Amino acid sequence: MLQTETSGTLPTVIGLPKESHPMSSSLAGAPSPLATTTPDPSARQPRLSLQCEPIGADTTAIRSLDWERSRFDIEFGLRNGTTYNAFLVRGERTALIDTSHAKFRDTWLPLLEGLIDPKAIDHLIVSHTEPDHSGLIGDLIDRHPDIEIVGSKVAIQFLEDQVHRPFRSRAVKSGDELDLGVHPDSGLQHRFSFLSAPNLHWPDTIFSFDHGTGILYTCDAFGLHYCSDDLFDVDPGAIAPDFRFYYDCLMAPNARSVLQALKRMDGLPEITTIAVGHGPLLRDHLPLWVGDYRAWSSERSAGEAYAAVCYLSQYGFCDRLSQAIARGVGKASGHVQLVDLRGTDAQELAALIGEASAVVVPTWPAAPDADLQKAIGTLLAALHPKQWVGCYDAFGGNDEPIDTLAGQLRNLGQKWAFEPLRIRQVPGVADYQRCEEAGTDLGQLLTKERTIAAMKALDGDLDKALGRLSGGLYIVTARQSDADGCRSGAMVASWVSQASFEPPGLTVAVAKDRAIEALMQVNDRFVLNILREDNHQPLLRHFLRRFPPGADRFAGVNTLEGVAAGGPVLGDALAYLGCRVAQRMEAPDHWIIYAVVEEGNVSDTTAVTAVHHRKVGNHY
């Protein structure tokens, strides 16, 4: 195995050794959105390294290890860094599958040139064109102008706008093949079959299957943001939480597309390895990961009402904003489908919009091209008055005004799921939080009938017995700030219990659709404000209100800033505990948060804690 870090003949961009990360366990939850800061030229460089190792006959993985990356896009927090994986396959001819992030230019290209003369690479298979996988394609074209780039039709179009260089290309779709011929030494024939996999998670994605080795190259699908020296999935317990978090953030909003891709995979010969674009390759526990994708996607696509969240690929901030809205819908157990208005054919677009119970659309260019104008016409024609609708600013620079778009939708007689989401500047964390909260409101509308039915289904005596479980009354507060802005949240809690003595720890049950849940990932800090029996009603009434997306939960509330690391301390609380999330356990409709208590104080040692007595046990 070849690795480049602080020594060796290849130039590197290296930092200090990686700090240890909290070990995952059966209770470990999603990665924490860690803070990012403005780069300081005098600060040390982040730790980057390369790994080059055979993964099959005539097949080499080139992995770019980004050990300390703490955020992927502005709203996707990482706990364990990430990797960008590329692959070299040699038959009679040679193919390179994907490249790497541009930050690895000074190390990745010399490593590739040490393995093979770039002019000897006949084909570059582009799984999809997101910059973390395609950042060095332009450099490769400069070294080998005659290389043939193989990708989906949409990927080729995206690359033309991305690399600003002429290049040879071949557009492929499901059923097409690329035969590299027989390797002269191994005698193995490397014949690739391509599978279209749009929306996983970009509209240009393809899978590539090598019949010679049984390796399926999937780029983002089945991936995870997890950086380690392990090339394969040797420790499923360690990577499972990150695998699930990655699915929830990027694949769950396209669950129907995941199922279509799985059907295409079922038609392949035996798959020995899934070579992903991020994280360890999946080989040792392959049935587990594929089974998880199938089960999770089937659950999210079980014929129930869904929201179609539309976006325009590579326009403004549509991709990220639409994903934030879709993630919010999913938090409320609502079903969602991301729909690319550019990359979806007219028949499928009409079906997805017409069958949806809710439709969310972005502002589109004020002067759309002919193809986009046709898609917009299809979208508007497929809408019907029984649907919920919403709209958001794409912030593309030349958008149709959002009020004009909202007026069009109102004229069609649509019901509004949330007020138009106005983005007045380059989106920051607060904007993404507002979009996610709007999606959660929409998800609750979609699942309202299901929620009521579940309440009525519980046996009456059991319901009353469960209601006799009592608890204290608390307000959980959290705030996170970084260079991209500030986001905060608060919620009323009564399901709180001390869980350990050494270290002092407690558990809090947080409903999955609570906005504050996103601020309570592993290693995040929060404050548990303990309410007092003789004055808790005003605080309770305030925080039980239904806040519109993005509203300041603390407006008009007496808060003490800078007292606790995790967020505001309520001035009228009896006591507070500053906590750090150590583990998370998933329950059907709640997350059980185990947190270590790091600080605390009591304002009045003679007062007592407010107590909550319920009448029923199947809802708050």
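Mentor: A residue is called buried when its relative accessible area is under 20%, exposed when that area is over 50%, and partly exposed in between (1.4 Å probe, protein chains only). The model discussed here is predicted: local features need pLDDT of at least 70, side-chain atom pairs count only at pLDDT 80 or more, and totals for chains, interfaces and linings use all residues. Residues are numbered from 1 along each chain as its sequence is written, and side-chain values use heavy atoms, with hydrogens and water left out.

Trainee: Why is leucine 231 called buried?

Mentor: Leucine 231 has a relative accessible area of 6%. The limit for a buried residue is under 20%, so leucine 231 is classed as buried.

Trainee: What is leucine 231 in contact with, leaving aside its neighbours within four places in sequence?

Mentor: Contact means heavy atoms within 4.5 Å. On that basis leucine 231 touches Gln51, Glu53, Pro54, Ile55, Ala61, Arg63, Pro280 and Leu281. Proline 54 is 177 residues away in sequence, yet its C-alpha is 9.9 Å from that of leucine 231. Leucine 231 itself sits in the loop between β14 (215-219) and α5 (236-251); helices (H or I, at least four residues) and strands (E, at least two) are DSSP runs, numbered from the N terminus.

Trainee: Is aspartate 161 buried or exposed, and how do you know?

Mentor: The relative accessible area of aspartate 161 is 59%. That is set against the limit of over 50%, so aspartate 161 is exposed. Aspartate 161 belongs to helix α4, and its C-alpha is 10.0 Å from that of glutamine 314, which is 153 residues away along the chain.

Trainee: Which residues of α4 are buried?

Mentor: In α4 the buried residues are Val154, Ala155, Ile156, Phe158, Leu159 and Val163. Their cover includes α3 (137-143), β9 (148-151) and β10 (168-171). After α4 comes histidine 164, with a positive phi near 55 degrees.

Trainee: What makes β9 a partner of both β8 and β10?

Mentor: Two strands pair if DSSP finds at least two bridges between them. Strand β8 (residues 123-125) and β9 have three bridges, and β9 and β10 have four. The pairing of β8 with β9 is parallel, as is that of β9 with β10. Glutamate 148 of β9 stands opposite histidine 123, and its bridge partner in β10 is arginine 168.

Trainee: What covers the picture on the two faces of β9?

Mentor: Glu148 and Val150 on one side are buried, and so are Ile149 and Gly151 on the other.

Trainee: Why is β18 called largely enclosed?

Mentor: Five of the five residues of β18 are buried, so the rest of the structure largely encloses this strand. Ala358, Val360 and Pro362 lie on one side of β18, and Val359 and Val361 on the other. In a regular strand the side chains alternate between the two faces of the sheet.

Trainee: How do you know that β18 pairs with β19 and β16?

Mentor: By the count of bridges. Strand β18 (residues 358-362) and strand β19 (residues 388-392) are joined by five bridges in the parallel sense, and β16 and β18, also parallel, by three. Valine 359 has valine 389 of β19 as its bridge partner, while valine 360 of β18 stands opposite valine 309.

Trainee: What order do the strands take in this open sheet?

Mentor: The order is β17-β16-β18-β19-β20, five strands with parallel pairing. β17 and β20 (415-416) each have a single partner strand, so one side of each lacks a neighbour in the sheet.

Trainee: Which residues are closest to the centre of the second largest pocket?

Mentor: Val154, Arg342, Gly343, Thr344 and Asp345, out of 43 lining residues. Two or more lining residues come from each of α4 (153-163), α6 (255-266), β17 (335-340), α9 (346-355) and α10 (370-382). A pocket is an open set of points on a 1 Å grid over the protein atoms alone, where a 1.4 Å probe fits, with protein on both sides within 12 Å along at least five of seven lines; lining residues have an atom within 4 Å of a point.
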